[in-house]
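Please read these notes with the structure open beside you. They go from the whole chain down to single residues.

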Amino acid sequence: MSNPISNAEASAKHGGHRHHHKHSFHHGKHRHHSASTHPYDDKSGMASWYGHQFHGRKTANGERYDMYAMTAAHNTLPLSSYAEVTNLRNQRTVIVRINDRGPFRSHRVMDLSYAAAKELGIQQTGTAAIKITPLAMN
C-alpha cells in the first residue's frame, strides 16, 4: 500500500505555487494516517483551484508552483504540513502538502492545485465544499 504523505512529498519535487486567484484540486487517495489532534481538525468550507496563470510562480515557502503537484494554500496550517481534503459532494479525498498562503477571499478556506482539484472532481466547477483534516506525521 502506498503512503499518501510520501506521495505528496514526491510531488513536492515538482515545485509549489504562489496564488492570488483561487481554484481547487484533489488527489483520489484513501485515508492512511495516524489520528490528528490538531486544533484545526475537520474544518469545512469552500475551496477553489489555481492553474496555468500561476504555474512556475514562487509560493510562500519559496518553491515554484507546480499545478500538477498535490499541494494547497491555506492561511493558518503550517507550511510543509499535510492535510486530507474531502469533497463533501462526492466524498473523494486527497492528501495535499501546504506550500502557500491563501486563499485571499473571505468565503474560501483553501486553494488547491489543479492536480488535487482534478482528483476531487472539482476542476470543472472551480469550487466545492470541502472538509480539511490536518494530518499528524509519524
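This is a predicted model: local features need pLDDT of at least 70, side-chain atom pairs count only at pLDDT 80 or more; totals for chains, interfaces and linings use all residues.

1. Residues are numbered from 1 along each chain as its sequence is written, and side-chain values use heavy atoms, with hydrogens and water left out.

2. Confidence. pLDDT is the predictor's confidence in each residue, on a scale from 0 to 100. The chain has a mean pLDDT of 78, and 68% of its residues reach 70 or more. Among the elements, helix H1 (residues 4-12) has the lowest mean, 50, while S3 has the highest, 98. Over residues 10-40 the pLDDT stays under 50. For that stretch the model has 156 contacts beyond four places in sequence, where a contact means heavy atoms within 4.5 Å. Please keep that stretch in mind when reading the chain totals.

3. Elements. Helices (H or I, at least four residues) and strands (E, at least two) are DSSP runs, numbered from the N terminus. The chain has two helices and six strands, and from the N terminus on their order is α-β-β-β-β-β-α-β.

4. Chain totals. Of the 138 residues in the chain, 49% are buried; buried means under 20% relative accessible area, exposed means over 50%, and partly exposed is in between (1.4 Å probe, protein chains only). The chain exposes about 6,500 Å², and carbon and sulfur atoms supply 51% of this area. These areas come from the Shrake-Rupley method with a 1.4 Å probe; for residues, only the protein chains shown count as cover. Among contacts with a separation of 6 or more, 82% are between residues 24 or more positions apart.

5. Two strands pair if DSSP finds at least two bridges between them. Six strands make a closed barrel in the order S1-S5-S2-S4-S3-S6, with mixed pairing. From one strand to the next, the twist averages 45°; axes are lines fitted to C-alpha atoms, for helices over the stretch in contact, and angles run from 0 to 180 degrees between N-to-C directions. One of the pairs is S1 with strand S5 (residues 108-113), which run parallel and are joined by five bridges. There, Tyr50 has Ser113 in S5 as its bridge partner.

6. Strand S4. How many of the eight residues of strand S4 are buried? Eight of the eight residues (93-100) are, so the strand is largely enclosed by the rest of the structure. With strand S3 (residues 82-87), S4 pairs in the antiparallel sense over five bridges. Here Glu84 has Ile95 in S4 as its bridge partner.

7. The S3-S4 turn. S3 and S4 form a hairpin with five residues between them. Gln91 lies in this loop and has a positive phi of about 65° although it is not a glycine. Is Gln91 buried or exposed? Gln91 is exposed, with a relative accessible area of 52%.

8. The salt bridge. A salt bridge is a side-chain nitrogen of Lys or Arg within 4 Å of a carboxyl oxygen of Asp or Glu. By this rule the count is one. Arg97 pairs with Glu63, and their closest N and O atoms are 2.9 Å apart. Arg97 lies in strand S4 and Glu63 in the loop between strand S1 (43-50) and S2, so the pair ties together parts that are 34 residues apart in sequence. Arg97 counts as buried because its relative accessibility is 4%, and Glu63 counts as buried at 19%.

9. The loop between S4 and S5. Which bond joins Gly102 and Pro103? A cis peptide bond does, with omega about 0°. Pro103 lies in the loop between S4 and S5, and Phe104 is also found in the loop between S4 and S5. Phe104 counts as partly exposed, at 48% relative accessibility.

10. Ser80. Ser80 has a positive phi of about 75° although it is not a glycine. Ser80 lies in the loop between S2 and S3 and counts as partly exposed, at 39% relative accessibility.
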